[in-house]
Amino acid sequence: MMNYMYYFMLNLISLLMILVVVLVGVAFLTLLERKILGYVQLRKGPNKVGVGGIMQPFSDAIKLFSKEFFFILKSNNYLYYICPMLLFMLMLSNWLVSGFITNIYFMNYSLLIVIIILTMSSYMFLLMGWSSNSLYSLIGTMRVISQVLSYEVSFILIILVLMILSESYSFIDFIKWQNYSWYMVMMVPLFLVYFISILAELNRTPMDFIEGESELVSGFNIEYFGSGFALIFMAEYGMIIFFSYLSLLMFTNLIYSMMMYLYINIILSLIIFMRGLLPRMRYDELMGLCWKIILPFILNYMVFILGIKFMFLNLM
């Protein structure tokens, strides 16, 4: 009984540490993005609150969470208020598969858990846009359905290729199989396609059609403000950190080293730089890229990997 309570407390402490690290990471990721985009455009970014703008994320949080709350006429109130909270909870649920020694959720089928949670997140966008009772948010919702679900197909197929190589659903086995050579080195084209897919999954430039300011005035979240908007914002930036961590688990074995933090920061910086350097695509180009280029490429890659495995199996 004492051993059980000891490991239960260790697991609880691990989860609390993840929660604190993710929330602080989300806060300072917003500052990092504004600083990088500022210097890309030859300006400083936030630099007034605290030393060099270091307190800016906390002042933004206080401002958003202390704003007055309104009831929107003819909106579906229950769904409207619950969905941002559920989206934020789903983002935090993804972090249950983190590789702590005492973490009981780092399980044999952790990849399937991640895929299920990501799929459920798409429904939150759908319900938020519909329940807001706004034409702009409805158009943004229709774009969510076509864009996110389209790129989820390619994203899951990339995971399937890696699962075929590792012969496992567990991130632990992914890391073990990369002791001598990273998948990122072995399969550079697949990693590049993965990076493009997560840009579309995260609604980041040049694929931010769901929140297109020029035509949708912020898209599905146009009717959200104050704490609701803050939760959506935190969920989006938490998912950026999570996808960077996911690429670390799937394409490298750096999980228990100090290089892990450098790698995650590089991926985060690349995602932010895309926003500063690239213009928005056309929507038909986005769909064409997914169904006509990325999907056939991944299917061919899968056949190639299966062919190599069968060849070595016959040789043995």
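Colleague: Which helix gives the most to the lining of the largest pocket?

Modeller: This is a predicted model, where local features need pLDDT of at least 70, side-chain atom pairs count only at pLDDT 80 or more, and totals for chains, interfaces and linings use all residues. Residues are numbered from 1 along each chain as its sequence is written, and side-chain values use heavy atoms, leaving out hydrogens and water. Helices (DSSP runs of H or I, at least four residues, numbered from the N terminus) H1 (2-40), H2 (56-65) and H10 each supply at least two lining residues. With eight residues, the most comes from H1.

Colleague: How much space lies in the largest pocket?

Modeller: On a 1 Å grid over the protein atoms alone, a pocket is an open set of points with protein on both sides within 12 Å along at least five of seven lines, and lining residues have an atom within 4 Å of a point. Grid points are joined across faces, edges and corners, and the volume is the space filled by probe spheres set on them. Here 33 residues form the lining, with Thr30, Glu33, Phe229, Phe233 and Tyr237 closest to the centre. The space comes to about 890 Å³.

Colleague: How many residues of that pocket lining are charged?

Modeller: Asp, Glu, Lys and Arg count as charged, Ala, Val, Leu, Ile, Met, Phe, Trp, Tyr, Cys and Pro as nonpolar, and the others, Gly among them, as polar. The lining holds 16 nonpolar and five polar residues, and its charged residues number 12.

Colleague: And which helix gives the most to the lining of the largest cavity?

Modeller: A cavity is a set of points where a 1.4 Å probe fits but cannot get out, and the whole structure has one of 30 Å³ or more. The volume of the largest cavity is about 210 Å³, and Ser121, Phe125, Glu201, Leu202 and Met239 are the closest to its centre among 17 lining residues. Giving five residues, the top contributor is H10.

Colleague: How are H4 and H10 oriented to each other, roughly parallel or roughly antiparallel?

Modeller: H4 (residues 110-131) and H10 (residues 226-251) pack at about 155°, axes 13 Å apart; axes are lines fitted to C-alpha atoms over the stretch in contact, and angles run from 0 to 180 degrees between N-to-C directions. Angles under 35 degrees count as roughly parallel, over 145 as roughly antiparallel, 65 to 115 as roughly perpendicular and the rest as oblique. The two helices are therefore roughly antiparallel.
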